[in-house]
Amino acid sequence: MAASDEKVISGKEVAQHNSRESCWIIVHGKVYDVTEFLDDHPGGSKIILKYAGKDATAEYDPIHPPDAITTHLPPEKHLGRVDPGTVEKVEVQITDQEKERQQRVANRPPLSEILNLHDFEYIARAVMPEKAWAYYSSAADDEITNRENHAAYHRIWWRPRILRDVTHVDFSTKILGHHSKMPLYITATALGKLGHPDGELNLTRAAAKHGVIQMIPTLASCSFDELVDNAKPGQVQFLQLYVNKDRSITEKFVRHAEKRGIQALFITVDAPQLGRREKDMRMKFDAEDPAEVTENKQQDKVDRSQGAARAISSFIDPGLDWKDIPWFQGITKMPLILKGVQCWEDALQAYDMGLAGVVLSNHGGRQLDFSRSGIEVLVEVVRELKKQRGLTFPNEKFQLFVDGGVRRANDVLKAIALGATAVGVGRPFLYAFSSYGFDGVDHALNILHDEFEMNMRLLGARNIKEIVPEMVDASSLQSHIVAVPGDRLYDSNYESMQHARIREVKSKM
């Protein structure tokens, strides 16, 4: 239907549908009847009812992919477009807590004082809304794997070479045949607008400026086409894919991505069900005041215990199986990479099925707690694929990637020495744009560039090919209790898990 053919509805009429019995909302200038969707909304009905009869765009945007409402509501619930001059504005009440947060934003240190990626995390924690911080920083269960992802790099030590002319060092590389100025890529992370109004566009622009590759997430806050449209001519982008239970939706998305010039498809295979991210869940409980729960409790049975993550991921197919791989190979010519491989046996099967590579990853510690770090799995994959198939790494035909826990270029180079083609970096870039927008990501990449240059010289390596296994001692990597010096910057940023809290008892006096 052309925009001119759409029914135009006055804001006054929308405002009359402001109850559980008849609930209309406005999102991006369009009017939707969400009455029948209230009890199925993963975030609960209360948040929708708050905007019943009003414009919900500001609340909707940060925590939903752009097409969420059009995908989940049947066409007959799309009522038309609203006359913008007649819309009742939602009064935003700024709390004392929000005023304090805005003051912290105003008091951020200049970027010149941000010396490393840990600094971005520290500032982001101070200036982000609590719900956004809880979503970005949370991980599964006791968050052991989340911390192990970083700690594992501390059990790998260097064996540098000396007396090599390192006047010029080159740390550029090729990732799936595409040039990258650094041996890293910006990996997929969801809901960028929780941290900054421009969301993932900050990453697209910074990736272009620095000559690195961005992996677009399925669950970006910006639309897929917006991120592709904002890429520079010739800029390489990959796509991370969550597989929909409805394969026709997945096929349409994949074919569209290929048509738009996406260069590789990373299929997430470690999330058949969401891990329990208790920081995120606890924030959700805090947001739902028990004293204000809907009177008709039977009408509000939806499970809201998974926080922001639950609201965006219910479509993911838990039935995804190895037998689906030939189907993917039949619908696209893009290189296929499995993202979330956690043992050598699965890496070997991926190789045998003709895939282009695997990402050794545990989803940033957000899925199965006590999964091993990607860097530890890398060592066994390299060893076993050489033993089983005679492969050596890095390998152009079957590429190994690692993500999770990286905070320094030093970490990246350890993975390169052990056989990885490149390393995915996620949360640090989220924290960079959450605290400083595009300038933050730009500065973060400049920091990494300088760290790569320094480390290459100190290792005695003039290019990436000279970062070899003989340069590292990884003999303690599998010893999970070995004592190492603590990383105090990382530890000081880590926010401890919280217990359930006794609610304040108000005196009747």
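Trainee: At what angle do helix α6 (residues 117–127) and α18 pack?

Mentor: This is a predicted model: local features need pLDDT of at least 70, side-chain atom pairs pLDDT 80 or more, while totals for chains, interfaces and linings use all residues. Residues count from 1 along each chain as its sequence is written, and side-chain values use heavy atoms, without hydrogens or water. Helices are DSSP runs (H or I, at least four residues), numbered from the N terminus. The axes, lines fitted to C-alpha atoms over the stretch in contact, lie 10 Å apart, and their N-to-C directions (scale 0 to 180 degrees) make an angle of about 170°.

Trainee: Is α6 roughly parallel or antiparallel to α18?

Mentor: Under 35 degrees counts as roughly parallel, over 145 as roughly antiparallel, 65 to 115 as roughly perpendicular and the rest as oblique. The angle is about 170°. That makes α6 roughly antiparallel.

Trainee: How far apart are the end C-alpha atoms of α18 (residues 427–459)?

Mentor: α18 has 33 residues. The expected span is 1.5 Å times one less than that number. A straight helix would reach 48 Å, but here the ends are only 27 Å apart.

Trainee: On which residue is the kink in α18 centred?

Mentor: A bend is the angle between axes fitted to the seven residues ending at a residue and the seven starting there. In α18 the kink is about 140°.

Trainee: How many residues of α18 are buried?

Mentor: Buried means under 20% relative accessible area (1.4 Å probe, protein chains only). α18 is mostly covered. Of its 33 residues, the buried ones number 24.

Note on methods. Helix = DSSP H or I, 4+ residues; strand = E, 2+ residues; numbered from the N terminus. Buried < 20%, exposed > 50% of the residue type's maximum accessible area, 1.4 Å probe, protein only.
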